[in-house]
Amino acid sequence: MPTEEIRVRGTVQGVGFRPTVYRLAKACGLDGDVCNDGQGVLIRLSGSEEALTEFVARLQTECPPLAKINELTRTPYEGKFNFNNFVISSSVNSAIKTEITPDAATCPQCQQEIFDPFSRFYRYPFTNCTHCGPRLSIIRAIPYDRCNTSMSAFAICSECAKEYHDVENRRFHAQPVACHVCGPTAWLERADGKSVTASMFSMLDDVDAVCTLLQKGEIVAIKGLSGIHLACDATQETVVQKLRQRKKRYHKPFALMARDIEIIEEYCPVNAKEKELLTSSAAPIVLLQATGKKVLAPSIASGQNTLGFMLPYTPLHHLILRRMNRPIVLTSGNLADEPQCIDNDEAREKLGTIADYFLFHNREIINRVDDSVVRVIGDKVQTIRRARGYAPAPISLPPGFDNVPQILAMGSELKNTFCLLRGREAILSQHLGDLENAAAFNAYQETLNLYLNLFEHQPEIIAIDKHPEYLSSKLGKELADTNQIKIYQIQHHHAHIAACMVENGIPLDSPPVLGIALDGLGYGDDGTLWGGEFLLADYCKFQRLATFKPVAMIGGEQAIYQPWRNTYAQLIAANLWDDCQQEYADLEIIKFLKTKPLKLLNQLIEKRINSPPASSVGRLFDSVAAVIGIYRDECSYEGQAAIAMEAIVDVSSLNNNEETLIYPFSFSFSDSIYCIDSRPMWQALLNDLQQQIPQPVIAAKFHKGLANAIVEMVKYLCQENLINQVALTGGVFQNCILLQQVNKRLQTLGIKVLTHNLVPANDGGLSLGQAVIAAAQLIHES
């Protein structure tokens with residue numbers, strides 16, 4: 001009888017993989033065993049050639065819902081084989097190369113049980129199995145055994161133990177398995193410290209009472225799977241405004257949760273791909289077009305035409321929303337830009353002035369993980385924020401990145417993630433936020449230490465952004481100095497492009513691509529701020545071929561939050577201010593700018609006092625939004641004006657191909673680089689304002705004009721450099737309209753377009769690019 005050893009690598013532990021192997025081996029009449037080890041799962045089998053072939057085929061097609069096979073290798077087994085049946089053997093301790101599974105939304109079977117009065121899991125808010133439940137959020141160490149999770153505090157009862165040890169049960173070796181008898185419990189508290197009595201609500205339990213509180217217009221802090229959220233009725237404007245004021249989150253859109261797809265569809269149409277995302281085990285927030293029959297409280301997402309919806313992803317959420325026939329706000333439980341609270345005492349202290357009530361539980365959250373955010377553009381998924389449900393699932397590296405040493409990439413300052421490189425895979429952390437906030441930076445360091453310990457990662461190289469003031473870069477330098485590790489400084493936009501190349505599977509030895517990196521700003525090789533770049537790039541190096549004309553960011557960071565500063569700087573850079581005062585003096589924007597201290601602003605520009613020139617396309621968007629009256633004076637978060645301008649674009653103008661509906665840009669060449677100049681666009685836009693052309697039409701003409709300018713530059717650069725692949729990256733390409741316009745035009749020209757899917761186009765994907773560039777440069781050096 002043939003005897004084989006089958007090695008399976010991937011997401012294969014803690015997901016019901018061994019029971020599946022057991023079931024299939026029995027069905028195929030095979031003898032042998034299966035066990036977990038540091039590399040994944042090891043299977044030893046004996047049987048006929050036909051049975052072995054059937055087993056392997058069925059294993060790949062009947063994989064458990066949360067499992068993912070990255071690699072399956074079959075080799076003849078040469079050792080002693082003493083099996084006359086098939087069994088599950090004990091785990092083998094060896095070097096850790098396996099994966100940690102992301103937290104997963106409640107599976108259909110567990111959903112059914114929590115609503116079944118005859119089930120022992122009826123109304124139990126922490127029901128789970130190998131197909132769903134907490135993973136990353138509760139783990140302290142590998143292997144993923146109960147003793148290494150926060151479930152170690154709960155001694156398993158006899159009934160749960162019976163299911164845990166039953167190979168035919170879907171809770172076989174489900175580490176967080178628990179029930180009413182032995183597991184975590186949830187309870188309701190008042191924020192004012194007064195006691196909560198059941199007679200107040202006459203509800204089934206404290207979890208059910210939360211629904212009544214939300215319906216009555218209360219704000220409830222809910223401790224969930226991987227963080228604490230603040231919730232309220234999304235249809236009541238008074239309570240939504242109250243939440244905004246208390247939380248000090250004045251404009252950023254709120255995330256929403258609804259009981260089911262049918263409720264979501266009352267507010268937003270949902271296509272097949274969006275439904276697939278909403279109901280997936282990742283259960284992310286999905287950005288949907290807000291064009292349904294019903295409308296929510298106006299301040300849920302003011303200035304936007306999308307709503308971010310998710311479905312319940314834990315039994316706790318399912319139970320709360322059972323009687324809720326309308327959406328609720330479910331936003332992170334924090335103040336302003338601080339990290340989400342995960343501890344009960346911390347929540348009482350920090351959220352006590354925001355929430356009216358708390359729904360707590362006593363299962364400790366080890367690892368804070370925000371909700372992921374995605375959207376569908378055309379037929380492709382675009383990840384905006386990669387966190388719960390996706391992290392820390394590894395990203396396979398393209399051919400050529402074989403056996404690279406362990407590398408740690410520190411990421412960016414904003415929308416930070418870090419990345420661990422090992423073997424042929426990259427482990428990207430969950431979204432960690434903006435490090436300029438002290439609490440966020442502390443959380444970043446705690447999460448980094450956790451990952452280094454979980455994956456037993458001992459970096460031989462550290463990769464950082466070139467910006468000298470990024471806190472992530474400073475920490476990277478400290479770690480490198482302390483541990484005498486080699487450090488690589490990676491240019492910001494090169495990292496964006498490399499990240500896009502990785503997730504599109506571009507091999508290490510491929511010829512360069514033309515990367516177009518458009519964002520707010522990044523530190524350039526020449527010491528200036530870049531943000532509108534055309535780079536001829538491979539994984540090792542890049543050449544800057546073209547850029548947008550640099551314009552002063554008056555006041556530095558203030559220009560991000562006061563868009564009018566960018567408008568004035570653009571008009572000065574285009575030599576149009578004198579014309580504006582003569583020909584366009586009656587325009588509202590000109591009258592507005594004249595109220596500002598222009599003499600002082602001119603001095604700041606001329607002497608470059610806290611007004612660095614930047615080729616930022618993000619700031620160009622802000623300047624155009626401001627000139628047509630969108631968040632002209634002030635924004636509360638970066639990109640707010642640009643997002644609002646995208647939301648009002650006139651679709652008929654967008655789809656009209658007349659040249660008069662496209663703003664012109666000009667091109668020049670100097671100092672060995674091509675430059676896109678917006679001066680003609682400003683002249684045309686000011687004329688439109690004078691003719692009182694509506695905002696939506698101007699917004700459409702700008703988007704089309706910018707896309708046209710980008711494509712014209714690409715056409716020339718591709719011909720000059722014999723390139724046929726273009727990578728679109730950077731936060732600006734989260735703009736659906738710009739991405740679609742550029743993509744469509746390039747594909748019409750026969751150019752292959754690479755875009756993001758797995759990782760964000762924004763700085764959330766930067767650490768992946770940093771890591772692979774460092775790996776490529778190391779391979780090249782050796």
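How many aromatic pairs does a search of the whole structure find? The exercises below start there. The model is predicted.

**Exercise 1. Describe the aromatic pairs and where their rings sit.**

Step 1. Take the total. The search of the whole structure finds 19 aromatic pairs.

Step 2. Look at one of them, W530 with F542. The pair is edge-to-face, with 6.4 Å centre to centre and 90 degrees between the planes. W530 belongs to strand β23 (residues 529-537) and F542 to strand β24 (residues 542-548). The two residues are 12 apart, and the pair links distant parts of the chain.

Step 3. Check burial. Buried means under 20% relative accessible area. W530 has 3%, so W530 counts as buried. F542 has 21% and is therefore partly exposed.

Step 4. Turn to F621 and F702. This pair is also edge-to-face. The centres are 5.0 Å apart, and the planes make 85 degrees. F621 lies in helix α19 (residues 617-627) and F702 in helix α23 (residues 695-721), so the pair ties together parts 81 residues apart in sequence. F621 is buried at 2%. F702 is buried at 0%.

Step 5. F418, F441, Y444, Y451 and F455 form one aromatic cluster.

**Exercise 2. Find which charged ends sit over the rings of F254 and F592.**

Step 1. Start at F254. The charged end of R244 sits over its ring, 4.0 Å from the centre.

Step 2. Go on to F592. The charged end of R632 sits over that ring, 5.6 Å from its centre.

**Exercise 3. Describe the second largest pocket and its lining.**

Step 1. Give the volume. It is about 810 Å³.

Step 2. Name the residues nearest the centre. Of the 31 lining residues, these are K68, A282, G389, Y390 and A393.

Step 3. List the contributing elements. At least two lining residues each come from β4 (68-76), α8 (272-278), β15 (380-385), β16 (395-396) and α13 (492-503). α8 gives the most, with 3 residues.

Terms used:
Residues numbered from 1 in each chain as written. Predicted model: local features only at pLDDT ≥ 70, side-chain atom pairs only at ≥ 80, totals over all residues. Heavy atoms only, no water. 1 Å grid on protein atoms, 1.4 Å probe; cavity = no way out; pocket = protein on both sides within 12 Å on 5 of 7 lines; lining within 4 Å. Points joined across faces, edges and corners; volume = space filled by probe spheres on them. Helix = DSSP H or I, 4+ residues; strand = E, 2+ residues; numbered from the N terminus. Phe/Tyr/Trp six-rings, centres within 6.5 Å; stacked < 30°, edge-to-face > 60°. Buried < 20%, exposed > 50% of the residue type's maximum accessible area, 1.4 Å probe, protein only. Lys NZ or Arg CZ within 6 Å of the ring centre and 35° of its normal.
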